[in-house]
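Keep the picture open beside you and look for each part as it comes up.

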Amino acid sequence: MSVARRNRRLRRAAVWLGLCLCALLFLAPFAWMVSTSLKPLDETMLLPMKWFPGKIQWHNYTEAIEAMGDFWLYAWNTFYLCVITVAGTLLSSALAAYGFSRIEWRGRDKVFLLALATMMIPFPVIMVPHYSLFKALGWIGTFKPLWVPAFFAGAFNVFLLRQFFMTIPKDLSEAARIDGCSEIRIFWQIILPLAKPALLVVGLFQFMYTWNDFLGPLIYLTDNKDFTLALGLQEYQSQGGGTEWHYLMAASTLVILPVLALFFATQRYFIEGVATTGAKN
Amino acid sequence: MTAMEGKRLRIGLLFIGPWIFGFLLLSVYPVVASLYFSLCDYSVLSRPVFIGWQNYGDLVFDELFWKSLYNTIVYASLLIPLGFLVSFALALMLNFDLRGKGVFRAVIFLPSLVPMVCLAVIWRWMLNGEFGLVNTLISPLATFLNAWIGTDFQPPSWLQEAVYAKLGLVLASLWCVGNAVVIYLAGLQDVPRHLYEAAEIDGANFWHKTRHITIPVVSPVIYFNSIMALIGAFQVFAVPYVMMRGGNGPDGIGGPDRSLLFISTYIYQNAFDYWNMGYACAIGLILFLVILGLTLLATKISANRVYYAGS
């Protein structure tokens, strides 16, 4: 028995060490990024490399912001798009998820399967028709192609919210209906308040998605003044900043930082949200 | 249909109204339009002109198309199995419930939050042949191996060499397995304890239990994650696009020997660099068919192997 127990302890210690090693490997690119972002340019090309800069160059950050052009404008554009897409997604997805879970109507589950099927359509496939549609509307070079679709309930978010809505007991709605409550009031005053954690998760996912989106802004935005951070960073590195590693890493750090901060502030919900995306079956 | 049923149908449709609108305009119409455009000469600036199957005919003789398809398949067949091994192993380790589990999980998850553009920029620097961290880490190993078994392995300049460029991209993609890890971990935690206890009584060790209990029970999750990985890998765009337009100029699209030219980057290039929209749609539909076919294939293969507790 004691041999078995010692083996078990040894195994746990080995796994723990393995996890430590993996954690270091996963953190290394971040550490490398921050370390580079604080070095003078010549020190980034030093052999053998050093983790700690000889003299910490905080001003790399201000200079990277300068080098990127309208950094603060890009940041504002990105933030603006994030807020408006989060609002649109929450409203439209919650409505659709409610219709797909809390009201019984004929053919509902078949239509829902159709909704799930749209998740299979790869964006590159419909990219051209989207572009020509928005072009016909005169929306190319505006923010509209990037936020208007958020108001039409993406299937993934509907799916997540529906999963959650289905866990709320039916009796709650039935009781309210007997009291003469309208469906929209049940939705707004009973279901939505109960679904706050799920709404938070969907809102977070959408925020991250918009913040990170590259292909959308790349296609639709034409004027530098409208660029998002992701597009601005790409523009900077492809227009001659491609080897200014200290600036590139400082700029990357600045673009990543808000996302990481948001993640740490909401970690519990976030991780749970990701975990439920796999619970489809 | 009773009056009650009719009323419920109306209200139900009202609630999903925004979705229906989006479904028709942003999913159904684009797929149909894409089919039509793929049979047209279309530059967006002028009206589409019907040309029949010509775009598809051109595809057959387009070396770059085949190259992009080949590259995408190679990338996917490297990334999907490797991604599974890495993420599943990490999830198994996290499932030991050791001290600091929350911290480990957060650290492993973090990279999947990094915006694609940043990811590409960071990994261009990580994979830099002279000063990159990857080579800094493997060069002592290479020296050791060379001295030991007399090979002559030099750390490569990753993104400058055709074969290594793809491996470098796979490496960068593996950094982002955190999402899959979290989903696997949730699946592992749902495995009923009593199954393990019963097996332990029969003298099963860790590998037996993993092979005969854990993997069958979480097989639906493995299936789900693999399909997601497949769809993701076949659409890879932002990272190779950014990696290859950084400092290399637009001529560098696809990198050395066009090793990083993928279907999605090729669609983009045709649509928005050459304004060859009809041709881009044709490639897009091929991509769709490939993904659909592989998904169905995976579903068929796994049909007898995926275990659903309910059925």
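Helix 14 of chain B, residues 263-273, is mostly covered, with nine of its 11 residues buried. Bear in mind as you read that this is a predicted model.

**A covered helix and its surroundings**

- Which residues of helix 14 of chain B are buried? They are I263(B), S264(B), T265(B), Y266(B), I267(B), Y268(B), Q269(B), N270(B) and A271(B).
- The cover over these buried residues includes parts of both chains: helix 6 (123-136) of chain A, along with helix 4, helix 12 (219-234), helix 13 and helix 15 (277-302) of chain B.
- After helix 14 of chain B comes W275(B), which has a positive phi, near 55°.

**A proline that reaches T265(B)**

- You can find P240(B) in helix 13 of chain B, which covers residues 238-245.
- Is P240(B) buried or exposed? P240(B) counts as buried because it has 25 C-beta neighbours inside 10 Å, and 20 or more are enough for that label.
- If its neighbours within four places in sequence are left aside, P240(B) is in contact with L169(B), L260(B), F262(B) and T265(B).
- Take T265(B), one of the buried residues of helix 14 of chain B: T265(B) and P240(B) are 25 residues apart in sequence, while their C-alpha atoms are 7.9 Å apart in space.

**Chain B as a whole**

- Chain B is built with 15 helices and two strands.
- The C-alpha trace of chain B spans about 75 × 70 × 35 Å along its principal axes.
- Chain B has 311 residues, and 42% of them count as buried.
- Consider the contacts in chain B between residues at least 6 apart in sequence: 71% of these join residues at least 24 apart.

**Two helices packed within chain B**

- A helix pair can be described by the angle between the two axes and the distance between them.
- In chain B, the axes of helix 4 (residues 63-94) and helix 9 (residues 178-189) come within 8 Å and cross at roughly 50°.
- That angle makes helix 4 of chain B oblique to helix 9 of chain B.
- The crossing of helix 4 of chain B past helix 9 of chain B is right-handed.
- On the helix 4 side, the contact is made by G83(B), S87(B), F88(B), L90(B), A91(B) and L94(B), and on the helix 9 side by A180(B), V181(B), Y184(B), L185(B) and L188(B).
- Sorted by class, this contact between helix 4 and helix 9 of chain B has nine nonpolar, two polar and no charged residues.

**Where the two chains meet**

- How many residues of chain B are in contact with chain A? There are 78 of them, and they are in contact with 81 residues of chain A.
- Helix 2 of chain B (residues 17-37) gives the largest share of the chain B side, 13 residues.
- The side of chain B that touches chain A has 61 nonpolar, 13 polar and four charged residues.
- One helix pair spans the two chains: helix 14 (residues 245-265) of chain A packs with helix 6 (residues 116-126) of chain B at an angle of about 145°, and their axes are 10 Å apart.
- Helix 14 of chain A passes helix 6 of chain B in a left-handed crossing.
- W245(A), L248(A), M249(A), S252(A), V255(A) and I256(A) make this contact from helix 14 of chain A, and C118(B), V121(B), I122(B) and W125(B) make it from helix 6 of chain B.
- The contact of helix 14 of chain A with helix 6 of chain B has nine nonpolar residues, one polar and no charged.

**Spots in the loops**

- V44(B) is in the loop between strand 1 (40-41) and strand 2 (49-50) of chain B, and its phi is positive, near 75°, in a residue other than glycine.
- With 19 C-beta neighbours inside 10 Å, V44(B) counts as partly exposed.
- D97(B) sits in the loop between helix 4 and helix 5 (101-109) of chain B, with a positive phi near 60°.

Methods:
Residues numbered from 1 in each chain as written. Chains lettered and ligands numbered in written order. Predicted model: local features only at pLDDT ≥ 70, side-chain atom pairs only at ≥ 80, totals over all residues. Contact = placed C-beta atoms within 7 Å. Helix = DSSP H or I, 4+ residues; strand = E, 2+ residues; numbered from the N terminus. Nonpolar A, V, L, I, M, F, W, Y, C, P; charged D, E, K, R; others polar. Buried ≥ 20, exposed ≤ 12 C-beta atoms within 10 Å, placed from the backbone. Axes fitted to C-alpha atoms, helices over the stretch in contact; angles between N-to-C directions. Parallel < 35°, antiparallel > 145°, perpendicular 65-115°, else oblique. Left-handed = near helix turned anticlockwise from the far one by under 90°.
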